[in-house]
Amino acid sequence: MTMLAPGGPAQETGLTDFPLLAPRAPRRGAKARGTVLTILTTPGGAIGSVIVVALIVLAIFPSQIAPYSFSQIDVTHPLQGPTWHHLFGTDQLGRDLLSRIIFGTRIALEVAVPAVASAMAVGLVLGVLGGYLGGLVDNVVILLTDTFQSFPAIVLALALLTVLGSSLRNLIIVISVTFCPNYARTSRALVLTVKQNQYILAERSLGAGRSRIMLVHVLPNIIAPLFILLAMDVPSAIAAEAGLSFLGLGVPPPNPSWGSILSDGFNSILSSPWAVIWACLALGIATVGFLMFGEALRDVLDPRLRGVSRWRA
Amino acid sequence: MIRYAIRRLVAAAIVIVIVMAFLAILDRLIPGNPVTFIFGPRANPFLIHQVRQEMGLNVSVPVQIYQYIFNALHGNLGVDFVTDRSVSSLVMENLPYTVVLAVSGLGLAVVVGVPLGIIAATRPGGILDRVIGIVSVSVITVPSFVVGLILILIFAVHLGLFPVIGAGAPGQPLDDLHHLILPAIALAVGWIGYLARLVRSNMLEVLTANYVRTAYAFGIRRRRVFYKYALKNAAAPVVAVLGVGLGSLLGGAIFIEVIFDRPGLGTLAFNAISSRNLPIVQGTSLVIAVMVIAANLLADFSYRLLDSRIQLGQTAQS
């Protein structure tokens, strides 16, 4: 491999002019404040942020906010429409739908956030290794991602859930596997561009090891765009969890996933449409809110990242 | 171009082989003994041995992979161990339903989404543009099964205009079509939003190109520039996106089939899961994966063909 590009600045000025450290943005605090302000001043970003914050609050304090327990059965009042006692009505077992939707927020985020985060962690490792080391490792990473990406996410999830069985943990694993290749791909591509920078070359000439360069110099420079991807993938993961729970492959009852509320409501759709309506609304608001927030974040930080999510079907 | 095509074909073949290998050893992922897992408390040593033999589990991993790939290449995807029918014939029986659903969903998305994008691009920042923008963002992330349920709620349950379930009586095209409308709309809605946004941004980009300015300078009417010159180039990336998107479209079709209780690969796989019918899950996954890989290849090639023509056109015009 050629260490120095011919005709580059290195030949004219010598190594002393190389930026020896990764460029650090000055006034990081001020920059972060500016980012937050920009997100909040765009209409989409403001609406998205409000929805995301509200969902997080609901997910952390469901028992304080919900009027009833999610599993409190009242067989004398099944399938009611909205009343003052039950603002959203009740389901086929007389459980309060508002409370179930609120507790469902917790399940949705409890699955979606760890799933996407672990997908990012594993994908990042694969991508950095493949992108930086190149050669055989890179080819293996590419083949792996190609293979997993040739399954539609739901098909891969179904195949894996058939053998693993359904539980909260397996749901997180399966969703994480379907999201992982995208992170591997993206981080690999980012590494390939960062690798060309002269400060990496400088580090190598100073004798830094490969693992040090990957951890200290490559990683911090590719992490920001990946967090944007993370924000954009959370709504898809929420939809994935709801979809798999809808098919009966998600969290076991009586846990109130929005997907299982939907499927319960679907079974009694002829007598009462309310469960379906509320669960659809919750899912719609959550996914649109996270998407708007993610898009605002992307537009501020890195407008180049655009792509199709595999779960958006 | 030919060298590129060969390289892509070889890569696709390798990926298909790995997909098959992955599916072949899927049962090894089951914690414990897969056969005990399948039969549960009904398992006895004789049954276990017999089924392991039938499933080809009494061999090493490489042999198992080799056997699966060998059989798959000869059109043998194993035997459904509930009905004892061959998986390939089951898959072939259900494949047309899924293909019809996916293609009509895709077609609907193009027919509605592309014009919406063009309308939005004619007056960027106008009221229509904003309305289309907001609507497309909202429908993009809403999952297809949610759209399907809402459609069922409104048009089938409340208004009674369409049947809720089934695929229509065989041999009656009108009935089939009647049953297809709601599922196809449910599948298409998200894509309509996505395509509208894509076409809009492509159009706006193309409209700033030199050849468009030159066309205006020649005194060609706005309408003609818009539809004859700009649209052709703005539409090309749509092809690539459609190819890549076929995977998620097929994924959405699985949900739609289950909700509308239509026959198809999705329903087949879904029903197989509850009976832990691994050969069927393997077979359907393989067929869908091969379809996705083929669609990606096709989109890649056609995009490249379209792309080179565009670049030729651009250099000639500007």
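The following legends describe close-up views of a predicted model.

Residues are numbered from 1 along each chain as its sequence is written, and chains are lettered from A and ligands numbered from 1 in the order in which they are written. Because the model is predicted, local features need pLDDT of at least 70 and side-chain atom pairs count only at pLDDT 80 or more, whereas totals for chains, interfaces and linings use all residues.

**View 1. Helical make-up of chain A.** Chain A holds twelve helices and zero strands, where helices (H or I, at least four residues) and strands (E, at least two) are DSSP runs numbered from the N terminus. Of the 313 residues in chain A, 47% are buried; a buried residue has 20 or more other C-beta atoms within 10 Å of its own, with C-beta atoms placed from the backbone. Among contacts in chain A with a separation of 6 or more, 70% join residues 24 or more positions apart; two residues are in contact if their C-beta atoms, placed from the backbone, lie within 7 Å.

**View 2. Confidence along chain A.** The mean pLDDT of chain A is 77, and 83% of its residues reach 70 or more; pLDDT is the predictor's confidence in each residue, from 0 to 100. In chain A, helix α5 (residues 97–133) has the highest mean, at 89, and helix α1 (residues 9–13) the lowest, at 38. The pLDDT is below 50 over residues 1–22 of chain A, a stretch with 17 contacts in the model beyond near neighbours in sequence. It is also below 50 over residues 306–313 of chain A, where 28 such contacts occur. Where pLDDT is low, the predicted coordinates should not be read in detail.

**View 3. The side of chain A that touches chain B.** The contact takes 39 residues from chain A and 46 residues from chain B. In chain A, α6 (135–149), α7 (153–164), α10 (210–246), α11 (258–267) and α12 (274–301) each supply at least two residues, and α7(A) gives the most, with nine residues. By class, this side of chain A has 30 nonpolar, six polar and three charged residues; Ala, Val, Leu, Ile, Met, Phe, Trp, Tyr, Cys and Pro count as nonpolar, Asp, Glu, Lys and Arg as charged, and the others, Gly among them, as polar.

**View 4. Packing of α7(B) with α8(B).** Helix α7 (residues 144–158) of chain B packs with helix α8 (residues 173–207) of chain B at an angle of about 135°, their axes 8 Å apart. Axes are lines fitted to C-alpha atoms, for helices over the stretch in contact, and angles run from 0 to 180 degrees between N-to-C directions. The two helices α7(B) and α8(B) are therefore oblique to each other. Contact residues include B:Leu151 and B:Phe155 of α7(B) and B:Pro183 and B:Leu187 of α8(B). The contact of α7(B) with α8(B) has eleven nonpolar, three polar and no charged residues.

**View 5. Packing of α6(B) with α8(B).** Helix α6 (residues 127–141) of chain B and α8(B) also pack at about 135°, with their axes 8 Å apart. Among the residues that meet are B:Ile132 and B:Val139 in α6(B) and B:Tyr194 and B:Arg197 in α8(B). This contact divides into nine nonpolar, three polar and one charged.

**View 6. Packing of α9(B) with α10(B).** The axes of helix α9 (residues 210–217) and helix α10 (residues 222–260) of chain B come within 11 Å and cross at roughly 150°. That makes α9(B) roughly antiparallel to α10(B); angles under 35 degrees count as roughly parallel, over 145 as roughly antiparallel, 65 to 115 as roughly perpendicular and the rest as oblique. B:Tyr211, B:Val212, B:Ala215 and B:Tyr216 in α9(B) meet B:Val225, B:Tyr229 and B:Ala230 in α10(B).

Conventions
Buried ≥ 20, exposed ≤ 12 C-beta atoms within 10 Å, placed from the backbone.
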